[in-house]
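Thanks for coming. I will go through one model this morning, starting with the terms and then the chains one at a time.

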Amino acid sequence: MSKVKVGIIGPGNIGADLMYKVFRSGNLEMGMMAGIVESEGIKRAASLGVPVSVEGVKSITAQTEIRIAFDATSAAAHVKFNGPALKEAGIVSIDLTPAALGPYCVPCVNLAALRAEPDINMVTCGGQATIPVIHAIERVAGAAYAEIVACISSKSAGPGTRANMDEFTETTAKAIETVGGADRGKAIIVLNPAEPPLMMTNTILVRVKDPSVGLERIRASIDGMVAELKAYVPGYQLRVPPMLDGDKVTTIVQVRGQGDFLPDYSGNLDIINSAAIAAAERIAAGMLGKDGGA
Amino acid sequence: MAFVTLVDMTMRDGSHALRHSYDCGQVAAIAEGLDQAGVPIMEISHGDGLGGSSYTYGFSKTSEFDLIRAAASRVKRSKIAALLLPGIGTIEDLKRAKDAGATVARVAAHVTEADVSAQHIAAAKEMGMTAVGFLMMVHMASAETAASEAAKMESYGADYLNMADSAGYLMPEGVAERVKAVRSAVKIPVGWHSHNNLALAMANTLAAVDAGAEYLDATLRGMGAGAGNTQLEVLAGVLKRRGVETGTDFYRLMDLARDVVDPLLQRPQVVDNGSLMLGYAGVYSSFLLHVYNAADKYKLEPRDILVELGRRGMVGGQEDMIIDVAYQLSQAGVS
């Protein structure tokens with residue numbers, strides 16, 4: 001066995017993009033695309049030779065070969081049905097909803113510490129794009145406060161995001177603290193309807209505890225982190241390199257999506273999916289006894 | 001006689017002009033004066049709404065909840081409103097504002113993004129607050145789009161619908177067209193909010209009244225983002241001359257502006273060149289002072305930053321992109 005079979009629950013845009021990323025993976029292969037009704041997403045997966053089902057999580061727990069499942073449904077569905085069912089079946093949950101039954105995971109920051117977790121949560125797109133930089137600053141200069149502004153094109157903010165803006169700001173702020181290491185976190189999200197759609201941009205502002213560390217060490221720490229992040233999000237780049245102004249470090253990053261299923265301006269969706277795949281690949285490597293396993 | 005409701009924002013939009021430095025004593029004095037002058041609603045929040053205190057929009061000197069509490073302790077008849085932009089502030093912030101004494105929630109979204117306000121409008125109603133749907137940057141959409149987005153906010157439970165020309169870009173005919181279109185699309189009353197960047201705040205407010213607007217935003221001395229807003233005490237006088245009833249005491253408002261607000265002003269509230277460019281290029285008025293800071297830091301002409309922000313289609317809340325634009329312009333200058 002050279003690849004681990006995975007299931008995806010939720011055949012919408014996120015699920016479809018995840019599926020294309022699984023196709024490119026060296027450690028993962030599609031075991032099931034599960035929905036709860038017949039849909040375009042189910043038809044698309046079937047036409048690509050992927051096993052499909054409209055029986056939801058049951059179709060995945062019934063497959064003994066599936067060892068990892070991505071949940072791209074809703075927080076309520078993950079809490080009530082999918083999370084508990086997967087846990088009982090011994091399948092690792094990679095939760096892309098805001099449910100956060102398990103710990104937050106930002107792969108380049110804390111995946112290694114989460115190897116034994118049955119359920120990991122992928123925070124938010126804004127969290128995946130900014131927490132690595134916050135952590136990179138925090139590990140050399142400390143972080144008393146960190147604030148991010150995520151700008152997402154209106155076209156790539158789905159109805160779930162729009163119906164619950166607080167979930168984004170509150171979840172991201174919490175993960176800035178617990179994963180990024182800032183004493184206090186704040187997150188802001190702005191949807192921009194400009195045409196052609198803007199790339200996802202994120203501004204990261206950190207009040208450091210020890211500015212005497214100097215910009216060079218902070219910059220080197222960020223560069224190292226960005227290199228790790230680019231390994232799974234190739235479209236990640238610094239738009240404005242870090243600037244140190246008193247005790248404030250300002251950095252602006254941009255995320256261009258890989259265009260697997262969604263357009264390249266949807267860097268927000270690409271980065272959370274890429275992070276989920278990166279986590280699954282390392283967990284799978286551990287299952288397969290390959291080097292680099294989590 | 002026709003009646004319109006005046007909504008004072010001296011302690012919200014006006015907060016931009018003071019770089020969010022209000023203290024409880026100042027707010028209590030203004031609130032008491034507005035209450036005695038019969039202004040029905042006064043809005044108190046960070047200039048960018050609840051939760052706006054940040055690096056990006058400027059830190060508040062005093063917590064907005066303390067400011068609301070200070071005003072509530074002096075107010076007998078007026079209602080206190082809080083502004084909330086989903087994405088910046090949260091329902092949790094709104095709860096705290098209500099606990100401090102706010103009874104009106106104004107929930108603001110970019111003119112094409114009304115659906116982000118559904119949850120917050122519903123939460124305001126559940127808490128027993130008056131809920132206002134607030135469309136920002138209305139110059140960036142057609143009257144038809146503004147009307148359909150307004151109808152969404154009505155469907156979420158808004159008690160009235162406010163439109164803001166946040167960039168001070170529109171001409172009176174553009175105001176009239178939008179107010180009429182929205183009035184025909186919703187059953188709830190419609191309100192209007194001007195910025196004076198092209199010196200049209202008063203003319204546009206009158207155009208809104210003529211088109212049927214029933215709520216009007218204004219601030220004492222016109223204090224506000226960019227060149228400021230419609231000047232409240234002037235509006236009270238103008239509407240008196242027009243034969244429109246507001247229930248406010250014109251002389252008391254004049255005195256309040258002179259005695260309490262004038263001593264607070266940090267800079268003259270005029271149409272300076274930066275403000276003029278906001279209106280000309282259609283840029284969110286709150287950007288102004290941040291643009292001056294960035295221009296200073298990068299040795300750039302503020303006008304060039306503003307034009308580029310307008311060209312990129314930046315919307316309310318994207319103050320962080322001022323640094324991006326200034327950085328990119330300074331790099332372009334070097335190479």
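This is a predicted model: local features need pLDDT of at least 70, side-chain atom pairs count only at pLDDT 80 or more; totals for chains, interfaces and linings use all residues.

Residues are numbered from 1 along each chain as its sequence is written, and chains are lettered from A and ligands numbered from 1 in the order in which they are written.

On confidence, the model scores ipTM 0.96 and pTM 0.95. Chain B has an average pLDDT of 97, with 99% of its residues at 70 or above; pLDDT is the predictor's confidence in each residue, from 0 to 100.

Chain A, then. Its secondary structure amounts to 10 helices and 11 strands. The radius of gyration of chain A is 19 Å, close to the 19 Å from the globule rule for 294 residues, so chain A is as compact as a globular protein of that length. That radius is taken over C-alpha atoms, and the rule is 2.2 Å times the number of residues to the power 0.38. Along the principal axes, the C-alpha atoms of chain A fill a box of roughly 55 × 45 × 30 Å.

Of the 294 residues in chain A, 59% are buried. Buried means 20 or more other C-beta atoms within 10 Å of the residue's own, exposed means 12 or fewer, and partly exposed is in between, with C-beta atoms placed from the backbone. For contacts in chain A with a separation of 6 or more, 69% are between residues 24 or more positions apart. A contact here is two C-beta atoms, placed from the backbone, within 7 Å.

Between them, 8 residues of domain 1 of chain A are in contact with 7 residues of domain 2 of chain A.

Now chain B. Here we have 14 helices and 8 strands. The radius of gyration of chain B is 18 Å, close to the 20 Å that the globule rule gives for 335 residues, so chain B too is as compact as a globular protein of its length. Its C-alpha box is roughly 60 × 45 × 40 Å along the principal axes, and 61% of the 335 residues in chain B are buried.

Chain B is assigned domain 1 (5-264) and domain 2 (273-334). Their centres, over C-alpha atoms, are separated by 25 Å. The contact between them involves 23 residues of domain 1 of chain B and 16 of domain 2 of chain B.

How many of the residues of helix α3 of chain B are buried? For this helix, residues 64-72, the count is 7 of the 9, so α3(B) is largely enclosed by the rest of the structure. The buried ones include F65(B), L67(B) and I68(B), and also E64(B) and R69(B). They pack against elements of chain B, among them β1 (5-11), α2 (24-36) and α4 (91-100).

Next, the interface. It brings 26 residues of chain A into contact with 24 residues of chain B. On the chain A side, β8(A) gives the most, with 6 residues. That side has 13 nonpolar, 6 polar and 7 charged residues, where Ala, Val, Leu, Ile, Met, Phe, Trp, Tyr, Cys and Pro count as nonpolar, Asp, Glu, Lys and Arg as charged, and the others, Gly among them, as polar.

Last, the core. The largest nonpolar core has 217 residues, and those with the most contacts inside it are V6(A), I137(A), A276(A), A82(B) and L135(B). Such a core is a set of buried Ala, Val, Leu, Ile, Met, Phe, Trp, Tyr and Cys residues joined through C-beta atoms within 7 Å. Helix α10 of chain A, residues 267-288, gives the most to this core, with 11 residues.

A276(A) lies in that helix, α10 of chain A. A276(A) is buried, with 28 other C-beta atoms within 10 Å. Leaving out residues up to four places away in sequence, A276(A) touches L18(A), F70(A), I94(A), L96(A) and M122(A). In chain B, with the sequence neighbours up to four places away again left out, L135(B) touches residues including A109(B), V111(B), E149(B) and M163(B).

Conventions
Helices (H or I, at least four residues) and strands (E, at least two) are DSSP runs, numbered from the N terminus. Domain bounds come from an automatic or database domain assignment.
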